[in-house]
Amino acid sequence: LNRRFTEMHCMSGHSNFVSCVCIIPPSDLYPRGLIATGGNDHNICIFTVDNPAPLYVLKGHKNTVCSLSSGKFGTLLSGSWDTTAKVWLSDRCMMTLQGHTAAIWAVKILPEQGLMLTGSADKTIKLWKAGRCERTFTGHEDCVRGLAILSETEFLSCANDASVRRWQISGECLQVYYGHTNYIYSISVFPQCKDFVTTGEDRSLRIWKQGECAQTIRLPAQSVWCCCVLDNGDIVVGASDGIIRVFTESLERTASAEEIQAFENELSQASIDPKTGDLGDINADDLPGREHLKEPGTRDGQTRLIKDNGKVEAYQWSVSEGRWIKIGDVVGSSGATQQTSGKVLFEGKEYDYVFTIDVNESGPSYKLPYNITDDPWLTAYNFLQKNDLNPMFLDQVAKFIMDNTKGQTLLSTSAQFSDPFTGAGRYVPGSSSGSSSIPAADPFTGAGRYVPGSASNAVAPVGGADPYTGMGAYQSAAAKVENIYFPKKDAVTFDQANPTQILGKLKELNGSATEEHKLTEDDLIILEKLLSVTCNTSSETPTAQQLQTLWRAVNWPEDIVFPALDILRLSVRHPTVNENFCSEKDHVQFIVLLLKFLNPKGKQANQLLALRALCNCFVSQAGQKLMMEQRDEIMTQAIEMKSSNNKNIHIALATLTLNYAVCLHKVNNIEGKAQCLSVISTVMEVVQDLEAIFRLLVALGTLISDDTNAVQLAKSLGVDSQIKKYASVSEPAKVKECCRFVLNLL
């Protein structure tokens with residue numbers, strides 16, 4: 001036997017069925033590459049080529065992992081029934097892509113860095129850039145099952161609606177291909193061209209050339225789960241009978257005559273159920289006899305049904321051999337009426353059974369149609385999907401079907417061939433939860449207080465010049481420029497203040513405030529005192545009364561609150577105030593208040609001062625701890641400010657990102673760094689102001705300093721190509737210099 005494939009290893013690491021496999025390309029560390037597998041146990045196992053036990057296991061998904069795709073620089077993208085996709089780098093989860101409302105059955109990393117695709121049972125496909133959803137593709141009428149990349153700008157998708165679609169990344173659907181008569185599970189592209197192959201629930205593998213179905217190969221199994229095209233153009237398919245078959249155009253690789261005969265025999269003995277619609281509508285009385293096979297077929301893969309001694313047989317035409325090959329017996333196609341066949345009608349179709357299922361006593365009852373040729377698990381799954389019922393009922397419904405149709409099944413429903421996408425795994429809530437506790441960072445030192453008359457916008461100048469404000473005689477030395485930019489050790493704050501102006505505005509607006517918001521003369525004196533205590537290097541500390549008055553003022557209506565927010569921004573730098581607002585007791589309402597102002601439709605002055613206040617929270621340990629605990633909420637809300645057209649808001653947003661980078665550099669939290677990198681990459685796209693760009697570059701440099709994982713992640717997001725243009729900026733010189741230092745790391 002000339003099979004060319006021999007089993008090298010049997011790898012095991014999952015506690016239940018494996019639903020997807022993917023190759024991670026060779027790297028310096030693993031010159032032979034790695035193998036990733038996703039399972040019903042919610043885990044992903046990573047194997048080396050020569051060890052049957054996993055190298056490591058990736059945990060984090062809360063349900064079956066059913067799709068994997070590998071990218072450059074060691075990144076891995078996974079899709080799960082838990083409706084999320086995750087991006088992994090070596091053994092860590094970098095980001096979670098959230099947005100789909102049902103299982104994600106297909107994922108692909110695109111050739112252009114940072115772009116990823118996900119296809120879901122919610123019938124949509126989403127394009128993600130740097131971890132954010134850029135676009136949603138709609139058009140499929142049922143669950144999306146597979147994706148394949150054609151080029152940097154085009155891709156294909158296949159779905160349960162029995163169609164294949166060709167899309168442009170920009171969102172346009174270029175073409176729809178029809179041919180399959182049932183769910184399409186898998187799609188794969190031929191190397192160096194746009195031809196492709198598909199497999200599905202209609203027992204077939206179809207080969208598409210120049211947009212047409214050029215060949216149909218029938219298989220002796222109902223479900224052809226997966227296909228892939230090898231580099232030599234051979235096609236490999238895996239089917240529900242547990243057999244992998246390889247098809248080739250090459251004469252020297254063709255199987256022996258015995259093997260081909262065995263395959264044909266197996267095919268001819270298969271029983272085809274007419275109700276799947278694979279062969280069109282059949283009326284046995286009108287079918288011709290065996291003599292019909294004397295006429296040659298007109299195209300490859302054409303099917304013809306004949307009646308022989310009361311039995312219906314299906315044949316397919318083979319052009320290469322010039323003969324009809326039997327592909328199975330058609331069962332149960334007596335052409336009988338409902339009365340004589342005992343069939344039940346439901347929604348215009350005939351079924352062997354239509355069960356009535358009550359999910360709970362008070363609720364409605366649901367109709368579940370079922371044929372004995374159906375897979376009970378798949379039927380149960382589709383029933384729950386269609387009626388929007390909890391997937392936890394899957395086992396119960398499938399068992400109900402089997403108990404009520406005992407001895408009536410034609411298909412083997414043994415668990416070992418259950419649907420890898422919708423198999424009989426039960427979801428166990430609370431089985432895994434990601435820990436998000438972050439150790440408190442070291443307190444910053446040297447967060448100098450504001451000194452009137454100094455316009456410095458940052459901490460003490462380094463090397464006689466401050467890169468943030470350009471103070472001091474800043475010369476770019478002809479000698480080797482030293483990296484004074486990153487990793488940045490301390491938070492950057494907004495210190496400029498004009499107490500007289502702020503108080504003047506507060507009094508003016510207080511005059512127009514409604515009675516419930518009006519401050520008394522005493523209140524205004526208290527706030528003046530607070531400003532003076534927090535803006536001058538006095539030894540006094542702010543009092544509880546001052547802070548209560550400030551809290552009343554910052555809860556003013558949106559159109560007049562900004563001077564009060566400015567007082568908050570300045571006073572939160574004082575350790576006492578920082579401790580008061582950021583401590584365990586009050587911090588929730590404090591953050592809720594500031595995030596309320598980061599509404600894209602809100603007033604720009606409030607947006608700006610809220611961002612600056614968040615930046616200034618980082619001066620003390622209580623503030624840092626709070627900012628790190630609430631990082632996800634704050635970053636998600638702050639990124640919305642990128643669409644503002646105000647450069648000061650952009651600078652404040654960049655500074656907030658920089659202060660997070662400073663904290664993350666200390667605690668080395670890779671998930672946090674991933675979120676921060678994603679924000680930098682997203683904001684870089686829209687910001688024009690060079691001061692904001694400079695601060696984003698310092699943030700980027702600080703995040704990736706001394707961390708190879710972060711460097712790899714930045715590369716896979718394509719950050720290097722995003723920032724290249726700033727390496728040639730002439731003024732200010734700090735932008736160019738900082739950019740070059742970052743590029744050296746990448």
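Q: How many aromatic pairs does the structure hold, and what makes two rings a pair?
A: In this predicted model, there are 17 aromatic pairs. Rings of Phe, Tyr and Trp count as a pair if their centres lie within 6.5 Å.

Q: Why is the pair of Trp105 and Tyr381 called tilted?
A: Their ring centres are 5.9 Å apart, and the planes meet at 40°. Stacked needs planes under 30 degrees apart and edge-to-face needs over 60, with the rest called tilted, so 40° makes this pair tilted.

Q: What makes this pair a tie between separate parts of the chain?
A: Trp105 belongs to strand β9 (residues 104-109), while Tyr381 belongs to helix α3 (residues 376-386). These parts are 276 residues apart in sequence, so the pair ties them together. Both Trp105 and Tyr381 are buried.

Q: Why is the pair of Phe247 and Phe263 given the name edge-to-face?
A: Here the ring centres lie 6.1 Å apart and the planes are at 70°. Phe247 sits in strand β23 (residues 244-247) and Phe263 in helix α1 (residues 257-268), so the pair ties together parts 16 residues apart in sequence.

Q: How do you know whether Phe247 is buried or exposed?
A: Phe247 has a relative accessibility of 17%. The limit for buried is under 20%, so Phe247 counts as buried.

Q: Which residues form an aromatic cluster, and what sits over the ring of Trp105?
A: Phe137, Phe155 and Trp167 form one aromatic cluster. Over the ring of Trp105 you will find the charged end of Arg145, 4.0 Å from the ring centre. A charge over a ring has to be within 6 Å of the centre and within 35 degrees of the ring normal.

Q: Where does UniProt place the feature "repeat: WD"?
A: The unreviewed UniProt entry puts it at residues 58-88, 97-129 and 177-209. In the model, residues 58-88 are 0% helix and 55% strand, and their end C-alpha atoms lie 8 Å apart. Residues 177-209 are 0% helix and 58% strand, with end C-alpha atoms 11 Å apart.

Q: What makes the contact of Glu685 and Lys129 a salt bridge?
A: Their side chains meet with an N to O distance of 3.6 Å. The cut-off is within 4 Å, so the contact qualifies as a salt bridge. The pair links distant parts of the chain, as Glu685 is in helix α15 (residues 670-686) and Lys129 in strand β11 (residues 125-129), 556 residues apart. By the salt-bridge rule the count comes to 26.

Q: Why is Glu685 called partly exposed?
A: Its relative accessibility is 45%. Buried would be under 20% and exposed over 50%, so Glu685 counts as partly exposed.

Q: How do you know that Arg166 and Glu154 form a salt bridge?
A: Their closest N and O atoms are 2.9 Å apart, and the rule asks for within 4 Å. Arg166 is in strand β15 (residues 163-168) and Glu154 in strand β14 (residues 154-159). Both Arg166 and Glu154 are buried.

Q: What are the accessibility labels of Arg245 and Glu266?
A: These two form a salt bridge, with closest N and O atoms 3.3 Å apart. Arg245 has 8% relative accessibility, so it counts as buried. Glu266 has 33%, so Glu266 counts as partly exposed.

Q: What makes strand β19 mostly covered?
A: Five of the six residues of β19 (residues 204-209) are buried.

Q: How do you know that β19 pairs with β18 and with β20?
A: Pairing takes at least two bridges. Strand β18 (residues 196-200) and β19 run antiparallel and are joined by four bridges; in β19, Ile207 is the bridge partner of Val197. Strand β20 (residues 212-218) pairs with β19 over six bridges, also in the antiparallel sense.

Terms used:
Residues numbered from 1 in each chain as written. Predicted model: local features only at pLDDT ≥ 70, side-chain atom pairs only at ≥ 80, totals over all residues. Heavy atoms only, no water. Phe/Tyr/Trp six-rings, centres within 6.5 Å; stacked < 30°, edge-to-face > 60°. Helix = DSSP H or I, 4+ residues; strand = E, 2+ residues; numbered from the N terminus. Buried < 20%, exposed > 50% of the residue type's maximum accessible area, 1.4 Å probe, protein only. UniProt positions renumbered as here; feature names shortened; annotations may be inferred.
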